[in-house]
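Look at the sequence and the fold first, then read on.

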Amino acid sequence: MEFVKIRRERAVDAVYDALRQAIVSCSMKPGERLNVEELAGKMGVSLTPVRGAIQQLATEGLVEVRPRSGTFVASLTPQDLDETFKLRSALECLAAEEAIERIQPEQLARLHELLKSLKRKVTNEAERRAHEQGNSEFHQIFIDASGNQRLADMYHALNAHIKIVRIHAGESGWPLRLQEEQAEHEAIVAALEARDAAALTAALRKHIYRAKDAMIAVIRAAE
Ligand SMILES: [Zn+2]
């Protein structure tokens with residue numbers, strides 16, 4: 001059996017990565033129109049990989065294709081967030097149950113390091129971004145520890161939406177409820193170490209649903 005060699009990074013993947021990054025970091029804002037010709041020109045590629053990348057982003061819900069009108073960066077409604085966070089909670093709880101048996105000592109050590117660094121005060125934009133990154137990494141450890149690749153892929157797709165809202169929330173001065181968050185993260189790690197699946201999933205769900213309500217409030221306020 002012989003296979004054709006595949007180039008490591010196809011143009012469509014490179015375009016996809018660049019567009020996803022632009023959307024998630026909000027260099028491209030929700031509602032902004034995507035012009036295929038213009039994007040292809042800017043990136044120095046043909047139209048095909050740009051169309052392919054947009055198709056992929058549409059599957060993830062990051063762009064909306066509106067017939068007869070064009071392609072736009074998706075905007076998020078309170079309902080979108082509600083649905084996204086409920087799925088996120090289900091995926092994280094499933095991952096956490098698996099993680100109880102599978103988590104590695106170095107992953108557990110990293111969780112404790114993150115608990116320490118997330119305790120630090122957030123006084124400016126750079127610190128807020130670092131905090132968000134630490135928070136994402138904290139949750140990602142459970143996904144990684146589950147060892148379930150399909151779950152990880154679904155989580156990755158969902159997370160883009162959550163990142164978008166987080167960044168917007170920061171722009172509109174979302175008050176970070178740091179103390180509450182810290183206590184929740186500590187409860188999550190304690191339940192993991194006690195190998196208490198019921199307490200672990202309850203703690204995770206409480207944390208994620210609180211974040212959901214806080215973000216929906218931000219979106220509502222911006223409407
Ligand atoms: Zn968290």
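What spacing do the donors of the zinc ion follow along the chain? The spacing is N-x3-H-x45-H-x21-H. Donors here are N, O and S atoms within 2.8 Å of the metal (3.2 Å for Na, K and Ca); water is not among the atoms, so sites may look incomplete.

This is a predicted model, in which local features need pLDDT of at least 70, side-chain atom pairs count only at pLDDT 80 or more, and totals for chains, interfaces and linings use all residues. Residues are numbered from 1 along each chain as its sequence is written, and side-chain values use heavy atoms, with hydrogens and water left out.

**The zinc site**

The protein donors lie 2.1 to 2.3 Å from the zinc ion.

| Residue | Donor atom |
|---|---|
| Asn-135 | OD1 |
| His-139 | NE2 |
| His-185 | NE2 |
| His-207 | NE2 |

Asn-135 and His-139 both sit in helix 6 (residues 125–146). They are separated by about one helical turn because they are four residues apart. Asn-135 counts as buried at 4% relative accessibility. His-139 counts as buried too, at 1%. Buried means under 20% relative accessible area (1.4 Å probe, protein chains only).

**The whole chain**

The protein chain has nine helices and three strands. Helices (H or I, at least four residues) and strands (E, at least two) are DSSP runs, numbered from the N terminus. Along the sequence, the pattern is α-β-α-α-β-β-α-α-α-α-α-α. The protein chain has 223 residues, and 43% of them count as buried.

Definitions and conventions: Buried < 20%, exposed > 50% of the residue type's maximum accessible area, 1.4 Å probe, protein only.
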